[in-house]
Structure formats: structure tokens, C-alpha cells
Amino acid sequence: MKVILETPSAELDQQVANLFTLPQGIIGFRDYTQAELLYQPDHLPFLWLKLSNGKDSVHFIVIEPAGLIPDYTPEVFDDDAAQLDLRDSSEAMVLNIVTLEQQRPLEAKVNLIGPILVNRRTKLGRQLVISNYSRYSAHHPLVESTPIASAATA
């Protein structure tokens, strides 16, 4: 999991797009319960998830997988949907954390098993394990290698 402790850019902090609460934080950051989803148009489809605990903040790179990860159809346990008060799937915003290795952006990985689900109506979110987790990986390559890409690196 890629964690960035410093704000990537002051300009980024001024572009608050979405505020929501993660009452349980995320794995490894239980005390970071306030979340902001930030973006810069020239960085899309990558978004910045800023988590705060009142004193400190950490940043994660996330994506909304729709249109980026073919055939990704996360299913949620009924208990998880009830805890988020999701009435239907249109209320859910899915965010997947991206792991980006320095100097190797083409090897970026996406956690498809443990997305952060946010109820757009209530602004309440939670990181959870999807019910159809056996179909996906926590280290899904964001860029599929192709014979052309392999040949270029040879």
C-alpha cells in the first residue's frame, strides 16, 4: 500500500471535491476517519484520498475502477451494504487504492479485493473485503503488459 505523508501539492489541497467519513478508518490507519477526495484534471484518472485524524494527514492514490478495470464487478456482503445504508448500487462510489512504485509507473498495482466504498447520499464510507474476492487480486496490474511493451523493454 502506497502512503504519502506529505501533501503532494498545495494546489491539490485547494481542490476539495468530496468530503466523507470513514468511521473505522482503513486498514493500518484506524484513527484517520475524515476523508477528502481530491483531484487535478491533468492527473485523472488518478485521485488523491486524503485521510486526517485531526492532527495529521496521509494521502493515498486511488482510482474509480469503472471503465479502467474491465470486468471488475465487486459484490458487497449484505451486512456491509446495510452498515453503509446503501439502498442501491447507484449510491455507491468505489475507490481502489493504487500502489505506485517509484521510477516504475508502468508497474502500478490496484487493490481490487479491498476497495473503499462510499455511500454518496450519506457520505459514509468503509474499506471492506468484497464478497467475490476470489475473482480478483490485491495486486492487479494497472497496465497490462503487452508484447509491444515487453519488446520495448527488452
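Here are some notes on charged pairs and aromatic rings in this predicted model.

1. Start with the salt bridges. A search of the whole structure turns up four of them. As background, side chains of opposite charge can pair when their charged atoms come close. The next points take several of these bridges in turn.

2. Have a look at Arg 126, which sits in strand 8, residues 124–127. Which residue is its salt-bridge partner? That is Asp 80, with the closest N and O atoms 2.5 Å apart. The two side chains also count as making a polar contact, again at 2.5 Å.

3. Is Arg 126 buried or exposed? Its relative accessible area is 18%, and it counts as buried because the cut-off is under 20%.

4. What else surrounds Arg 126? Setting aside neighbours within four places in sequence, its contacts include Leu 22, Gln 24, Gln 83 and Leu 84, along with Asp 80. Pro 115, Ile 116 and Leu 117 are on the list too.

5. Next comes Arg 120, which forms a salt bridge with Glu 64; the closest N and O atoms are 3.6 Å apart. Arg 120 lies in the loop between strand 7 (116–119) and strand 8, while Glu 64 lies in the loop between strand 4 and helix 2. The pair links distant parts of the chain, 56 residues apart. Arg 120 has a relative accessible area of 40% and is partly exposed. Glu 64, at 32%, is partly exposed too.

6. Now for Arg 121. The side chains of Arg 121 and Asp 85 meet in a salt bridge, 3.3 Å from N to O. Relative accessibility is 35% for Arg 121, which makes it partly exposed. Asp 85 is also partly exposed, at 36%.

7. Which residues make up a network with that pair? Asp 85, Glu 91 and Arg 121 are linked in a network of salt bridges.

8. On to the aromatic rings, where the structure holds three pairs. One of them is Phe 29 with Tyr 32, an edge-to-face pair with 5.7 Å from centre to centre and 80° between the planes. Phe 29 and Tyr 32 are both buried. Ring pairs also bring in Phe 60, linking Phe 29, Tyr 32 and Phe 60 into a cluster.

9. Another pair to look at is Tyr 72 with Tyr 136. Their ring centres are 4.9 Å apart and their planes are at 85°, so this pair is edge-to-face. Where do the two residues sit? Tyr 72 is in the loop between strand 4 (57–63) and helix 2 (78–83), and Tyr 136 is in the loop between strand 8 and strand 9 (140–141). That is a link between distant parts of the chain, 64 residues apart.

10. Tyr 72 has a relative accessible area of 10% and is buried. Tyr 136, with 14% relative accessibility, counts as buried too.

Definitions and conventions:
Residues numbered from 1 in each chain as written. Predicted model: local features only at pLDDT ≥ 70, side-chain atom pairs only at ≥ 80, totals over all residues. Heavy atoms only, no water. Helix = DSSP H or I, 4+ residues; strand = E, 2+ residues; numbered from the N terminus. Buried < 20%, exposed > 50% of the residue type's maximum accessible area, 1.4 Å probe, protein only. Polar contact = N/O pair within 3.5 Å; in protein donor to acceptor, adjacent residues only side chain to side chain. Contact = heavy atoms within 4.5 Å. Phe/Tyr/Trp six-rings, centres within 6.5 Å; stacked < 30°, edge-to-face > 60°. Salt bridge = Lys/Arg side-chain N within 4 Å of Asp/Glu carboxyl O.
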